Amino acid sequence: MKKKANKKPAVHIVQKELLQPYNPITINLIGAGGTGSQLLTALARMNHALTVLGHAGLFVRVFDDDRVDNANLGRQLFTTAELGQYKSVALINRINRFFGTNWKAETTRYDKQSLKDRDIASAVITLSCVDTVKARYEIGEILQHLTRNYGGRNRVKYWLDFGNSRSSGQVVLSTLEKITQPASELYHPVESLPLVTEEFKELLNTSAKEDNMPSCSLAEALTKQDLFINSALANCGASLLWQMFREGILFNRGFFLNLADFRTQPLKVA
């Protein structure tokens, strides 16, 4: 009786230009609130580490038209001195001073109405940290349009989406076009990772009914979101990006996180 052949594990091989680029990898970070403010700091640390290792590093733009108010202090990375400032400007100024980067703040929404310059709208990697399903769908539509109609150096390749409820959340990596995969005897390389807006459409539509208005105070905000859910998602999501740049191969394309019982469930490449 013949033994059944072992099924090769599915993997995604990261595009080579991310591993050995001639220029910094462009990243658009959409949303500078609870998760976005934490994620930007992680990106700055990652950029410093990459350049020390001989990589060209990262160039980040932050999109957010919201301003810092009292309810943001404590849960998001802002101080009283930054009250009234655009969140994107406050964060980028701080990061540039601390790390010596030249990253950019965009004080507009990342939506069809605001984005006129495709060179700014498009980046190799898009990170979305938005708090409504409507915004997430619109980002998906913009990225798909750019994939079809933009052929510049910063043509969009990957979309990493961050979303959370009170004490749980998820991070999901998608590709906007097929990423050429090398042949492999050990693995089954997967060239396309499904869009979060298509793969989890039913889940997103259900959560759309629970979208909340902004909180008026930190105390009110903490009834809606745990104090550490954003930073936990940001750090785990940044670890996925770090794996992309340093190892170039992904067995998992995201994860589901539950802080209530400290469980993390990986989302396998399939």
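Me: Which residues have the most contacts inside the largest nonpolar core, and how many residues does that core have?
Reply: Keep in mind that this is a predicted model. Its largest nonpolar core has 50 residues, and L43, L58 and I125 are those with the most contacts inside it. Helix α9, residues 229-246, gives the most to this core, with nine residues.

Me: What is L58 in contact with, leaving aside its neighbours within four places in sequence?
Reply: The list is P24, I25, I27, L43, M46, N47, L50, W103 and F245. Contact here means heavy atoms within 4.5 Å.

Me: Why are α2 and α9 called roughly parallel?
Reply: Look at the angle: the axes of α2 (residues 34-52) and α9 cross at roughly 30° and come within 8 Å. Angles under 35 degrees count as roughly parallel, so that is the label α2 and α9 get. Their crossing is right-handed.

Me: Which residues make that contact between α2 and α9?
Reply: From α2 you have G34, T35, Q38, L39, A42, L43, M46, A49 and L50. From α9 come N230, S231, A234, A238, L241, W242, F245 and R246.

Me: What makes α2 roughly parallel to α3?
Reply: Again it's the angle. Helix α3 (residues 87-99) packs against α2 at about 20°, with the axes 11 Å apart. With the limit at under 35 degrees, α2 is therefore roughly parallel to α3. The crossing of α2 and α3 is right-handed. On the α2 side, S37, L40, T41, A44 and R45 meet L91, I92, I95 and F99 in α3.

Me: What makes C129 buried, and what does C236 count as?
Reply: The relative accessible area of C129 is 12%. Buried means under 20%, so C129 is buried. C236 comes in at 33%.

Me: Where is G169, and which strand holds it? Why does G169 count as buried?
Reply: G169 has its place in strand β7, residues 168-175. The relative accessibility of G169 is 5%, and buried means under 20%, so G169 counts as buried. Not counting residues up to four places away in sequence, G169 touches G163, N164, I229, L233, F255, F256 and L257. The C-alpha atoms of G169 and L259 are separated by 8.7 Å, although the two are 90 residues apart along the chain.

Me: What is the phi of F262, and how do you know whether F262 is buried or exposed?
Reply: F262 has a positive phi of about 60°, although it is not a glycine. You'll find F262 in the loop between β10 (252-258) and β11 (263-268). The relative accessibility of F262 is 71%. Exposed means over 50%, so F262 counts as exposed.

Key. Residues are numbered from 1 along each chain as its sequence is written. This is a predicted model: local features need pLDDT of at least 70, side-chain atom pairs count only at pLDDT 80 or more; totals for chains, interfaces and linings use all residues. Side-chain values use heavy atoms; hydrogens and water are left out. Buried means under 20% relative accessible area, exposed over 50%, partly exposed in between (1.4 Å probe, protein chains only). A nonpolar core is a set of buried Ala, Val, Leu, Ile, Met, Phe, Trp, Tyr and Cys residues joined through side-chain atoms within 4.5 Å. Helices (H or I, at least four residues) and strands (E, at least two) are DSSP runs, numbered from the N terminus. Axes are lines fitted to C-alpha atoms, for helices over the stretch in contact, and angles run from 0 to 180 degrees between N-to-C directions. Angles under 35 degrees count as roughly parallel, over 145 as roughly antiparallel, 65 to 115 as roughly perpendicular and the rest as oblique. A crossing is left-handed if the near helix is turned anticlockwise from the far one by less than a right angle, and right-handed if clockwise.
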